Amino acid sequence: MDDVSLLLLFAVAVVPLVPTEIALIGTGVAAANGGDPFVLVLAVATAGCLISDIGLYAVGRYGGARVLRRLRHRPSFETSADWIGTHLDRRGVPILVLARWLPAGGTVGALLAGSLRWSPRRFLTASGIGVPLWCAYAAGLGYLGGSLLEQSRFGTVLSAALALLAAFTITTVFRRTATWSARA
């Protein structure tokens, strides 16, 4: 990879509602195959996502309810907003960290934290924990897949299976938690 690839990764990470996962997985694969160092990929993605979170938090703080209403027409946004909103007051920072793994969860979480008038320090703590963990997870999947792809066809099957298992696990936990919340 070159500087242009890192610049594109940064741009994708900064823009809310753009699927950053795809870019992170791709740059993770490239890093495994001799591209930019994995740590540099993580640093660039983390910086971009943190800037995006801070911007979304500010939007939520100064126009939150209006912005949230406009975005609710998206099914993934609606479901994530309901789940995060239900748990955010009671569990705070851990929920905002976990929200990263939900569809549109990072966007929803930052907007909600701003609209609920979380202190900047509390929000930055949650974002400062969740963003690097999530970036490491997504880029790590790509790096693992890229490493295995280079070794054999078995690696291709294994990396695809691991990605599907991770997606299935996250979806199952989210659905069960949403069901339990609906019953409560």
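Predicted model: local features only at pLDDT ≥ 70, side-chain atom pairs only at ≥ 80, totals over all residues.

Student: What makes helix 6 count as mostly covered?

Tutor: A residue is called buried when its relative accessible area is under 20%, and 10 of the 11 residues of helix 6, which spans residues 105-115, are buried. The buried residues are G105, G106, T107, V108, G109, A110, L111, L112, A113 and G114.

Student: How do we know that Y57 is buried, and where is Y57 placed?

Tutor: Y57 is in helix 3, which covers residues 38-71. Its relative accessibility is 7%, and since the limit for buried is under 20%, Y57 counts as buried.

Student: Which residues is Y57 in contact with, leaving aside its neighbours within four places in sequence?

Tutor: Contact requires heavy atoms within 4.5 Å, and on that basis Y57 is in contact with A110, A113, G114, W118, S119, P120 and F123. A110, A113 and G114 are among the buried residues of helix 6. As for L116, its C-alpha is 9.9 Å from that of Y57, although the two residues are 59 apart in sequence.

Student: Why are Y57 and F123 called a stacked aromatic pair?

Tutor: Two rings pair if their centres lie within 6.5 Å, and planes under 30 degrees apart count as stacked. The rings of Y57 and F123 are 4.5 Å apart, centre to centre, with 15° between the planes, and so they form a stacked pair. The structure holds 2 aromatic pairs, this one included. Y57 lies in helix 3 and F123 in helix 7, residues 120-151, so the pair ties together parts that are 66 residues apart in sequence. F123, at 2% relative accessibility, counts as buried.

Student: Why do C49 and C135 not count as a disulfide?

Tutor: A disulfide is a covalent bond between the sulfur atoms of two cysteines. The criterion is a pair of cysteine sulfur atoms within 2.5 Å, whereas the sulfur of C135 is 4.0 Å from the closest cysteine sulfur, in C49, which is too far for a bond. A search of the whole structure accordingly finds 0 disulfides.

Student: What puts the buried residues of helix 1 on the same side?

Tutor: The buried residues of helix 1 are L6, L9 and A13. They cover an arc of only 60° around the axis, which puts them on the same side of helix 1. An α-helix has 3.6 residues a turn, so residues three or four places apart point the same way. The face of helix 1 turned away from this buried side carries D3, V4, L7 and L8, which are exposed.

Student: Why is V12 called partly exposed rather than buried?

Tutor: V12, which lies in helix 1, has a relative accessible area of 24%, and because buried means under 20% and exposed over 50%, that value falls in between. Not counting residues up to four places away in sequence, V12 touches V18, P19, T20 and A23. The C-alpha atoms of V12 and G48 are 7.8 Å apart, for residues 36 apart in sequence.

Student: How many helices and strands does the protein chain have, and what share of its residues counts as buried?

Tutor: There are 8 helices and 0 strands, and of the 184 residues 39% count as buried. Among contacts between residues at least 6 apart in sequence, 77% join residues at least 24 apart. The chain exposes about 9,900 Å², of which carbon and sulfur atoms supply 67%.

Conventions: Residues numbered from 1 in each chain as written. Heavy atoms only, no water. Buried < 20%, exposed > 50% of the residue type's maximum accessible area, 1.4 Å probe, protein only. Helix = DSSP H or I, 4+ residues; strand = E, 2+ residues; numbered from the N terminus. Arc of directions from axis to C-beta. Areas by Shrake-Rupley, 256 points an atom, 1.4 Å probe, with all protein chains shown as cover. Phe/Tyr/Trp six-rings, centres within 6.5 Å; stacked < 30°, edge-to-face > 60°.
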